[in-house]
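We will hop from one stop to the next.

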Amino acid sequence: MRRIRANAIAILTVAWILGTFYYLWQDNKPQSSPSSSASQTRGRGHGQKVVSGRLEIHRDDRTIPLIVTQPPRAEGQSQLLGGLDEKAYLAGKQLKPGDDPYRDHAFNLQESDRLGSERAIRDTRHYRCASLNYDADLPSTSIIITFHNEARSTLLRTIKSVLMRSPPSLIQEIILIDDFSSDPEDCQLLSQIPKVRCLRNGRREGLIRSRVRGANTASASILTFLDSHCEVNTDWLQPMIQRVKEDHTRVVSPIIDVISLDNFAYLAASADLRGGFDWSLHFKWEQIPIEQKMARSDPTQPIRTPVIAGGIFVMDKSWFNHLGQYDTHMDIWGGENFELSFRVWMCGGSLEILPCSRVGHVFRKRHPYDFPEGNALTYIKNTRRAAEVWMDEYKQYYYSARPSAQGKAFGSIADRLTLRRKLNCKPFRWYMENVYPELRYSTLTELIFKATFIPLWGSSAITNPNTGSLSLLLSPRYCYLALLCFSQNVCCATSPT
Ligand SMILES: [Mn+2]
């Protein structure tokens, strides 16, 4: 009897230790945002991990130490900005004393203004990137930046960093699409900068239709979509254009570094992440699967990614047009990155993250602007369109994970279905099997651990109703087999909805 008890205690102890390790491991894994109650925030797709506070922001000691990208010399500056009076431009919009610096842009405007339009930032690439060579005859690109009421200081810093840190021959033009901002001069004045063009929408269109407008007017053969609060890093452009030049069906993104929304510090993001999502079509950064990680002998090699975050990427213009640009019935923001990612993979292309290309981005905790139809409804409409057009029978998992999407209006998808047929795209099953097999089921080990250590594991899942399968457990309406809910795919499969 005593022996049995001793054994039981030993087993429990071992289980407890393993559970603690598992919990710590979970904690270190990049997680998606806990704040995804639909009305809250998704700092433009790629923001989630910052919001979670679990972000992989760590200074990677394999990166080039102490080398910073230089600001341009004083005499170069006047040429860089052409006729723009930078001081007057920035002074035209300033924070009044006593105003909340976070109110209008959801980042610390005071700090952004204080920084000025140029600064040295750390070169966050792996040191081997600096010795890579690129073709001398790379084609040029049209940079497309869409914005709505962006702060002048962040917008100007984005443009200047592009001009400072790109070979001039690669920049055909910078097209700004002002999506009906309150002050037309935010954009117009910037067109005094050489190569910068400004187009203003006559009404609010959202980033999807704005980008299509930019793409249609672009004169270069390669499109580069860039967010309006970024700073590009050393040699950010060459790796991406090289990959697209070699194969025009590749759609490539940089590693997106983090610019702190509070103090604007430039922080290196982990180089071991790719884009993923859960069944509610909630974007998240995730670790590269271990077998792929083991197979990576060269850290400068591209990383295959199931989806892109969507804010920053490079794509061949004719390929963009061939694949049907964007679904222009999607509004304002959100979901377009899934639609594009599914389409690219299923219709003959591929998606990559290039570790030797780095772009810093201010990740925010909320959208600073209004959604005319409401944030949640817009996200549901857009993701529902993506699911209905591309996910085939797997869309039932989307509806199980996002029951509120049932019955919501999403407009006609006839055009997009015709497009899919015309392009002869592969079924979603192919995507699941070949591009993102990791989505299907939690591993058995995870299942057991999660079932054993509910209190530990649950603390993170409970706060994350959109992605945490525990939330499904807590609402048995959507699941008959409560225990199996820990693997949300199993749960969805047994869902009555
Ligand atoms: Mn953004």
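Select Cys-347 and Cys-425: both are buried (under 20% relative accessible area with a 1.4 Å probe, protein chains only; exposed is over 50%, partly exposed in between). A disulfide joins Cys-347 to Cys-425, S to S 2.0 Å (the term means a pair of cysteine sulfur atoms within 2.5 Å). The torsion about their S-S bond is about 100°, so this link is right-handed. Cys-347 sits in the loop between helix H12 (336-346) and S14, and Cys-425 in the loop between helix H15 (414-423) and helix H16 (428-434), 78 residues apart. Helices (H or I, at least four residues) and strands (E, at least two) are DSSP runs, numbered from the N terminus.

A note on what you see: this is a predicted model, where local features need pLDDT of at least 70, side-chain atom pairs count only at pLDDT 80 or more, and totals for chains, interfaces and linings use all residues. Residues are numbered from 1 along each chain as its sequence is written, and side-chain values use heavy atoms, with hydrogens and water left out.

How many disulfides does a search of the whole structure find? There are three. Next, pick Cys-129 and Cys-356, joined with S to S 2.1 Å and left-handed at -75° about the S-S bond. Cys-129 lies in the loop between strand S2 (121-122) and S3 and Cys-356 in strand S14, so the pair ties together parts 227 residues apart in sequence.

Then select Cys-187 and Cys-198, also joined by a disulfide, right-handed with 135° about the S-S bond.

Finish on helix H9 (residues 237-246), where eight of 10 residues are buried, among them Leu-237, Met-240 and Arg-243.
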